[in-house]
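Dear colleague,

I am handing over the structure we spoke about, with the sequence alongside.

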Amino acid sequence: MGENGSGKSTLLRLIAGVDVPDDGEVTVSAAGGVGYLGQTLDLPGDHTVQQAVDAALAELRALERGMQRAAEAEDMATYGELLTVFEARGGYGADARVDKAMYGLGLAHIDRSRVLSSLSGGERARLGLACLLAASPEILLLDEPTNHLDEAATTWLEERLRDHPGTVVVVSHDRVFLDRVTTAILEVEGGTITRFGGGYSGFLAEKAAARQRWEQAYADWREEIRRVTEFAATTAQRVAQGRPMTDNNKMAYDRNAGRVQSSVASRVRQAQERLRRLEADPVPRPPEPLRFRGVFAGTVGAERTLVELRDLHVEGRLHVASLTIGARDRLLVEGDNGAGKSTLLRAIHTAAGSRAGYLPQEVDFRPGRTTRETYPGEPEALLATGLFHPEALDLDVAQLSVGQRRRLALAVLLAGEYELLLLDEPTNHLSLALAEELEQALDGFGGALVVVTHDRALRQRFNGRRISLSGGRIC
C-alpha cells in the first residue's frame, strides 16, 4: 500500500528482476519460480491467445520436453528429478487451470486462435492474469490485479489467491480485496517500508492506535509547555525585591533573601532552558479529521426538496423521466461504464447550482497558479487537513501528481459549505487510509449526498438509497 508514486510498482519490479536497484541487493529464493503480472502483456500484437498461454507455461513445457528426452534416453534418474519438479508445479493440471482461469475471469468466449491485437485492453489484462495463475509459480507478483474485473471475476480471484500454496505480493487499491486476501500489509511511504500484521483489518487498527498515540503525545507536549511556562512565571515572582521583613530580623532577612533569590533564579533558568528544548523539538499537531461543512440534521426539514429533475434529456447519454432529491437523501448511483452516471451527476449539479459541492472524476485546475492560490482558504487551514505538506503549497498545480490534484480538489470541497454533495468516484487516486477517513467524513455529513463509485468497500458500507442506470435511464 501507499500513495501514488510512492514506489509500490517499483518494489514489485525489483523483486521480479525487471528493474535493477541503484544500490543494495535483491535476493529471491523460490524454487517454484516467480511470476509477475506484466510479463505476458509484453507479447507482440500478432501473437495468438494460445501463444500467450504457451509463453506463460514455458517453464512447464520445457520440463515436459526434458522428461520426454530423459525417457527416450532411458535416463531414469534425470526423469525422476524433472518429474518431481513438474508435479510440484502442478504441471499435469496446467492446461485445466488455464481453462478454469479464463472462465473465472470472463474470457471463456475468446478463441485461442485470436490475435492479441484484436482484444480490448481489459481482455488483454485479464488474459495476462489468467496465464500467470495457470503457470502457478511459487511467488505471484500482482500489480492492481482487480483492474478490469467485474464483481464475479474479482470474487473468483480472491478465492484463487487464498488457495495459492506459495507467496502472493500484491499492489491494490481495492480495500475489500485486501481484507479478504492479505495476511500482512507493507506500507510504502517516504522511501521506507513499514510492515503491519493482521492483514488490512490489522493495518486499520494499528493506524487508529498510532493516531491516538500521536494525539496524546501532542496533548502531553502542549500541557508540558503550559506547565513549564507557568512555573517559570510564578517562581520568578515568589520572591521579589523589597518583600517585607518577618520578626524585624534584618540580618536574617538579608541573608536568607539572598539565598532564596539565588535558588529561585536558578530554578527559573532551568525552567526557561526546559521550555527552550520543548519548543525546539515540538510534537507536530495531528491533522484534523476530515469534515464536510454544510446543512446538518436538525437544521432543515427532512421533506424539503433540493433538486427535481423531470423529462431531462442529454442526447445519446441520459433520459431521466423523474428524480427528486430531498434535503437528507443519500443516493448511490450504480450502473455499468457508459450507463450515464457521470452525466447524471453533472445534470444534478447544474440544477442545484451553488448549493451543491461537486467532485468530478477528472479535475482541471488553472495552470500558472500554486496550490495555496488555488485553495479558497488560508494555507494553515489546508495544512491542518493533513492533505498537503508545506513544501507543496508553492508548487504550480500543473506540477502536482494525479493524487495531489485529487487531494486538492477534495480540500477545496471541504472548504465550502453545501446542502448537497455530488461525488464521482471520490476514492480514486487516494491512499487507502485517506479513503477510510473520507468515508467517515461522509457519514458525518448532515446534508444530501449522491455518490457514483466502483469502490466495493464504499458501496458495501453505503447507508442510503440505491438507483441503477442502464442506457442512460433509471431502472
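Predicted model: local features only at pLDDT ≥ 70, side-chain atom pairs only at ≥ 80, totals over all residues.

Residues are numbered from 1 along each chain as its sequence is written, and side-chain values use heavy atoms, with hydrogens and water left out.

Two strands are said to pair if DSSP finds at least two bridges between them.

I begin with the sheet that contains S13. Six strands form an open sheet in the order S10-S12-S13-S9-S14-S15, and the pairing in this sheet is mixed. Its edge strands are S10 (356-359) and S15 (473-474), each of which pairs on one side only. Within the sheet, strand S13 (residues 448-452) is mostly covered, with five of its five residues buried, where buried means under 20% relative accessible area, exposed over 50% and partly exposed in between, with a 1.4 Å probe and protein chains only.

S13 has a parallel neighbour in S9 (residues 330-334), to which four bridges join it, and another in S12 (residues 420-424), with which S13 pairs in the parallel sense over five bridges. Val451 of S13 has Leu332 opposite, and Leu423 also stands opposite Val451. S12, helix H15 (residues 432-443) and S13 together make a β-α-β unit that is right-handed, a term that applies if, with the strands pointing away from the viewer, the path from the first strand over the helix to the second runs clockwise. Elsewhere in the sheet, S14 (residues 465-470) and S15 pair in the antiparallel sense over two bridges, with Leu469 opposite Ile474 in S15.

Next comes strand S2 (139-143), which is largely enclosed by the rest of the structure, because five of its five residues are buried. Tyr36 has Leu141 of S2 as its bridge partner, while Leu140 has Val168 of S3. S2, H7 and S3 make a right-handed β-α-β unit.

Two helix contacts involve H6. Helix H5 (residues 94-104) and helix H6 (residues 121-135) pack at an angle of about 145°, with their axes 8 Å apart; axes are lines fitted to C-alpha atoms, for helices over the stretch in contact, and angles run from 0 to 180 degrees between N-to-C directions. The contact, which means heavy atoms within 4.5 Å, is made by Ala94, Arg97, Val98, Ala101 and Met102 of H5 and by Leu127, Ala130, Leu133, Ala134 and Ala135 of H6. These residues divide into nine nonpolar, no polar and one charged, where Ala, Val, Leu, Ile, Met, Phe, Trp, Tyr, Cys and Pro count as nonpolar, Asp, Glu, Lys and Arg as charged, and the others, Gly among them, as polar.

Helix H2 (residues 49-56) packs against H6 at an angle of about 40°, and the axes of H2 and H6 are 8 Å apart. Here Val49, Ala52, Val53 and Ala56 in H2 meet Leu127, Cys131 and Ala135 in H6, and by class the contact of H2 with H6 has seven nonpolar, no polar and no charged residues.

Glu144, a residue other than glycine, has a positive phi near 50°; Glu144 is placed in the loop between S2 and helix H7 (151-162), and is buried, with a relative accessible area of 17%. Asp311 is not a glycine either, and has a positive phi of about 50°. Asp311 lies in strand S7 (residues 305-314) and, at 57% relative accessibility, counts as exposed.

With best regards
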